[in-house]
Amino acid sequence: MTTTAPLVDIIAGARPNFMKIAPILRAIGERRADPAIRSRLRCRLVHTGQHYDARMSGDFFTQLGIPAPDVNLEVGSGTQAEQTAAIMTRYERLLLDAPSALCLVVGDVTSTMACAIAAQKLHVPVAHVEGGIRSGDWTMPEEINRLVTDAITNWFFTTSEAANANLRRAGVRDEAIFFVGNTMIDTLLANLERLRPPAFWAEAGLQPGGYFVMTLHRPANVDDAAGFARLIAAVGAATRGLPVVFPVHPRTAKTLAALPARPAHLLTVEPQPYLEFNYLVRHAKGVITDSGGITEETTVLGVPCVTLRDSTERPETVTLGTNELIGTDPAAIAPALDRLFAGQWKTGAIPELWDGRTGRRIAEILERLIVR
Ligand code: UD1
């Protein structure tokens, strides 16, 4: 452990990371500025460059007030192994040239795993925010990232009792687990009043409760053209002519372009910035998705969420929240939406500690762990 002004690397690489680091950075900054605390913790914000488009990255920094990264590793796109190798190689070089006292990673993207490995091999301890969650589905790259990262993490910041239980089952000691809540929800609650309609809202005639939001980007749903076409047709038929706002992830755009036909009420738009996307979600009749993070946001916003997956690493969004897993068979979409239209969707409750204060808890614990 270092004796003076320890440096913490905060790693972010892909879109779902950015809303998770924002409250941690803010809380560390507040503790440094508070004369009663005078924290000496310093941050180095490392962007791996896994996502690089303004729509996937820069817009989030601007809207969420995240400072410009101190370092950008600029790895760009590639296969899973190419991306992992590029991030490891460049982050290792950074640590060799300018070591840090702790590597803090968030979520489950390739950058999370790659930086954890590079750090741990150089004996830099790793803290994992959102550690311990498991889908059990090894076909998802995120699940591999979670398993590998957690196998070499020193300190876990967890979002749920389910995550704590998974870690204990894997033999993690209680002292290494900090149940702190959900930083993604910190960001949502901090920005609720700032959410704003996208530019196309009026032109598209959108009304609160009068449209759906859909996001699809998992390889299982979007990489096969025929399967994707069946999914889109089923959504078109089940949504009864209400607009379906569909922000299209770059990966999905390739399959979408090859579709022979699409429903007239499918409104395809670019990936949305944070404030516009969550405005759309907050006022939607329902959300249709294969994302994990969005199921947390719909749970807190009380918006019905239909998840096109067989498993979830976030079971509390189903047991407590408004989320339901219907699998990837297009035939399951109509019965689910029929229940929604009939007003029979569950209302849900908010999970423990998803209260907007998680970033502060993490900053306080980090200081205890590494400032001596
Ligand atoms: C990644 C995460 C996923 C997360 C998603 C959110 C992993 C394994 N997956 O998946 O968990 O839900 O981000 O968006 O880390 N591309 C662009 N511009 C960009 C970034 C990507 O055009 O700024 C295109 C590239 O063609 C790239 C493809 O999108 O090949 C996929 O990007 P990649 O980062 O490999 O994975 P995601 O599918 O975005």
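**Contacts, burial and helix packing in a predicted chain**

Apart from neighbours within four places in sequence, Val71 is in contact with Arg44, Leu45, Val46, His47 and Leu94. These contacts are found in a predicted model, and Val71 itself belongs to strand E3, which spans residues 71-72. The relative accessibility of Val71 is 18%, and because buried means under 20%, this residue counts as buried.

The chain as a whole contains 15 helices and 13 strands. Its C-alpha atoms fill a box of roughly 65 × 40 × 40 Å along the principal axes. For 372 residues, a compact globule would have a radius of gyration near 21 Å, and the value of 20 Å for the chain agrees with this. Of the 372 residues, 57% count as buried. The accessible surface comes to about 15,000 Å², and carbon and sulfur atoms account for 53% of that area. Among contacts in the chain with a separation of 6 or more, 68% are between residues 24 or more positions apart.

The packing of two helices was then examined. Two packed helices are described by the angle between their axes and by the distance between the axes. The axes of helix H1 (residues 15-33) and helix H7 (residues 183-191) come within 7 Å and cross at roughly 80 degrees. On the H1 side, the residues in contact are Met19, Lys20, Ala22, Pro23 and Ile24, and they meet Thr183, Met184, Asp186 and Thr187 of H7. Sorted by class, this contact comprises five nonpolar, two polar and two charged residues.

Helix H11 (residues 274-282) includes Leu280 and also Arg282. Leu280 has a relative accessibility of 0% and therefore counts as buried. Beyond its neighbours within four places in sequence, Leu280 is in contact with Pro198, Phe200, Trp201, Leu206, Tyr211, Val213, Val245 and Gln272. The C-alpha atoms of Leu280 and Pro208 are separated by 8.7 Å, although these residues lie 72 residues apart along the chain. Arg282 has a relative accessibility of 33%, so this residue counts as partly exposed. When residues up to four places away in sequence are not counted, Arg282 touches Leu192, Leu195, Leu301 and Val303. Arg282 and Thr298 are 16 residues apart in sequence, and the distance between their C-alpha atoms is 7.5 Å.

Thr298 is one of the buried residues of helix H12, which covers residues 293-301. Nine of the nine residues of H12 are buried, and the helix is therefore largely enclosed by the rest of the structure. The buried residues are Gly293, Ile294, Thr295, Glu296, Glu297, Thr298, Thr299, Val300 and Leu301. Just after H12, Gly302 takes a positive phi of about 70 degrees.

Positive phi values were also found at residues other than glycine. Arg38 has a phi of about 50 degrees and lies in the loop between H1 and strand E2 (42-47). With a relative accessibility of 60%, Arg38 counts as exposed, because the cut-off for exposed is over 50%. Arg240 likewise has a positive phi, near 55 degrees, and is not a glycine. This arginine is found in the loop between helix H9 (225-238) and strand E9 (244-247).

A further loop residue is Trp138, which lies between strand E5 (126-129) and helix H5 (141-151). Its relative accessibility is 63%, and Trp138 therefore counts as exposed. Not counting residues up to four places away in sequence, Trp138 touches Glu143, Ile144 and Leu147.

Technical notes
Residues are numbered from 1 along each chain as its sequence is written. This is a predicted model: local features need pLDDT of at least 70, side-chain atom pairs count only at pLDDT 80 or more; totals for chains, interfaces and linings use all residues. Side-chain values use heavy atoms; hydrogens and water are left out. Axes are lines fitted to C-alpha atoms, for helices over the stretch in contact, and angles run from 0 to 180 degrees between N-to-C directions. Helices (H or I, at least four residues) and strands (E, at least two) are DSSP runs, numbered from the N terminus. Contact means heavy atoms within 4.5 Å. Ala, Val, Leu, Ile, Met, Phe, Trp, Tyr, Cys and Pro count as nonpolar, Asp, Glu, Lys and Arg as charged, and the others, Gly among them, as polar. Buried means under 20% relative accessible area, exposed over 50%, partly exposed in between (1.4 Å probe, protein chains only). The radius of gyration is taken over C-alpha atoms; the globule rule is 2.2 Å times the number of residues to the power 0.38. Accessible areas come from the Shrake-Rupley method with a 1.4 Å probe; for residues, only the protein chains shown count as cover.
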